[in-house]
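This report describes how one protein chain is put together. Look at the sequence and the 3D structure first, then read on.

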Amino acid sequence: MNVERRLFFNLYLFSNIIAVLLYVYTAVAGGDLRGYVVNSPLLLLFCLFLTQGFMYVFCVYVFNFLSDFKIKNIVILKSYFILDLIILLNNISYAIFSTRYDVGLAGVEISKDVPKYLLYFFIITQPTFLTYIYLAYTGKEKRKLLIINALVILIVSLMKGWLSSLLYLAFILIMFNRNFFLREKKKLIIIGIGAIIVAPIFRFLKSVSSAVNKSESGISYAEAMQAVISYKEITSFFDFVNVYFSSVLERFENTGILYYVIVDDRVKHFLSSYNITPFYAEGWLQERIFNIFVNPKTIDMQLLLAEFLYPNFKWRVNTTLPLWVYVQPENMFLFFAYVILLLGFSIIISKLISEEVVNLTWIAVLIMLFHGWFYSFTLYIQTLLLFLFILIVIRFSRGFR
């Protein structure tokens, strides 16, 4: 693995291990399972072995095997100016649209009053993913419009309560400054320590942003900040660091979710009482095609688990790959085939664009596919296809001049 992949893989591995050891030490789970008593620490450690084993197999072994096939990129642009403008216009349009209609807010359902033609346009263009791919494709050449596009999508994402943009952008930044970080390892360590220090602050700001977004009375950010501090019972700086550093660490909760489903019979009974949407039907297009032929309707396992944990909220939890195997063992071979198909398809399209985009796809696999976010990952693949189409159109339009 290259520097950025090794760094993020070890970050995820280390964070998952520390989170599980914390659960074992306190005998209480955290994250989405906060307060759940851990009665079988050995089983929890075994679940850790399973989740991290799956992460290694698919994010390292399978990904590297599939990416070794030689495929040449089919479009090379000599100038990025038109592409810069297309991405900028799309990002600004999305920022205005999402602000006007409160679309894309973390934990908030999309209103039925949103104009469908605009909604589906941005579902197709996926401005956030499109910008990540654009940054990976053109990042070698430093330009003002490149920085502006990165800042626009970062600000929009953070205001809507999504922190994953920080991971993607950090990965891309390290990717294009790899040699610098190899030479300046001390600076990389300092940056890493700095990231650990500011992580609780970003987590706190996400809580504040979510409070504002979910408020029906339209509270201000200052009021939301006071409400969050009061709700979390923060009375000192030490309380703040303790609460939000633990909150950051507990987001690596894949092992805890798997353990919870295995040991709690209530969860298994709850899941068995519903028709769970098959993994291959998760995606805005697949879901609609699937629902045409299936009756009664199905429901996503991520939503079901979230509803069981907190019935008053509508959100999703991570359903890591071994969890799917445990819940639907009869579909195990089909499941593995589907995951490998998604991996292969995303890598092929990425290679047709550039090797840098293949690298971006790796972090997308780690963040989305490994955590069972099939819906999001298929949207990412859709965006890869769209970006490739845009490149072809730009290239051929210039050829006709």
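## Basis of the report

This is a predicted model, in which local features need pLDDT of at least 70, side-chain atom pairs count only at pLDDT 80 or more, and totals for chains, interfaces and linings use all residues. Residues are numbered from 1 along each chain as its sequence is written, and side-chain values use heavy atoms, with hydrogens and water left out.

## The chain as a whole

The protein chain has 19 helices and zero strands. Here helices (H or I, at least four residues) and strands (E, at least two) are DSSP runs, numbered from the N terminus. The chain has 401 residues, and 47% of them count as buried. Buried means under 20% relative accessible area, exposed means over 50%, and partly exposed is in between (1.4 Å probe, protein chains only).

Contact means heavy atoms within 4.5 Å. Among contacts between residues at least 6 apart in sequence, 75% join residues at least 24 apart.

## The nonpolar core

A nonpolar core is a set of buried Ala, Val, Leu, Ile, Met, Phe, Trp, Tyr and Cys residues joined through side-chain atoms within 4.5 Å. The largest one holds 109 residues, and Leu 83 and Phe 374 touch the most other members. Helix H19 gives the most to this core, with twelve residues.

What does Leu 83 touch, not counting residues up to four places away in sequence? Its partners are Leu 77, Tyr 134, Tyr 137, Thr 138, Phe 387, Ile 390, Leu 391 and Ile 394.

## An enclosed helix

Helix H15 (residues 301-309) has nine residues, and seven of them are buried, so H15 is largely enclosed by the rest of the structure. The buried ones are Met 301, Gln 302, Leu 303, Leu 304, Leu 305, Ala 306 and Leu 309. These buried residues pack against helix H12 (254-263), helix H13 (265-272) and helix H16 (321-327).

## Helix pairs

Two packed helices are described by the angle between their axes and the distance between the axes. Axes are lines fitted to C-alpha atoms, for helices over the stretch in contact, and angles run from 0 to 180 degrees between N-to-C directions. Angles under 35 degrees count as roughly parallel, over 145 as roughly antiparallel, 65 to 115 as roughly perpendicular and the rest as oblique. For the residue classes, Ala, Val, Leu, Ile, Met, Phe, Trp, Tyr, Cys and Pro count as nonpolar, Asp, Glu, Lys and Arg as charged, and the others, Gly among them, as polar.

The axes of helix H5 (residues 127-138) and helix H6 (residues 144-159) come within 10 Å and cross at roughly 150 degrees. H5 and H6 are therefore roughly antiparallel to each other. On the H5 side the contact is made by Pro 127, Thr 128, Thr 131, Tyr 134, Leu 135 and Thr 138, and on the H6 side by Leu 145, Leu 146, Asn 149, Ala 150, Ile 153 and Ser 157. By class, the contact of H5 with H6 has seven nonpolar, five polar and no charged residues.

## Two partners of H1

H1 and helix H7 (residues 164-175) pack at an angle of about 145 degrees, with their axes 8 Å apart. H1 contributes Val 3, Glu 4, Arg 5, Leu 7, Phe 8 and Tyr 12, while H7 contributes Leu 167, Ala 170, Phe 171, Ile 174 and Met 175. The contact of H1 with H7 divides into nine nonpolar, no polar and two charged residues.

The axes of H1 and helix H18 (residues 355-369) come within 11 Å and cross at roughly 5 degrees. That makes H1 roughly parallel to H18. Glu 4, Arg 5, Phe 8, Phe 9 and Tyr 12 of H1 meet Val 358, Asn 359, Trp 362, Ile 363, Leu 366 and Ile 367 of H18. This contact of H1 with H18 has eight nonpolar, one polar and two charged residues.

## Single residues

Most residues other than glycine have a negative phi. Ala 27, not a glycine, has a positive phi of about 60 degrees. Ala 27 is in the loop between helix H1 (3-26) and helix H2 (41-67), and counts as partly exposed at 31% relative accessibility. Gln 126 has a positive phi of about 45 degrees and is not a glycine either. Gln 126 is in the loop between helix H4 (116-125) and H5, and is buried, with a relative accessible area of 16%.

Ile 340 is in helix H17 (residues 332-353). Ile 340 and Leu 66 are 274 residues apart in sequence and 8.9 Å apart in space, C-alpha to C-alpha.
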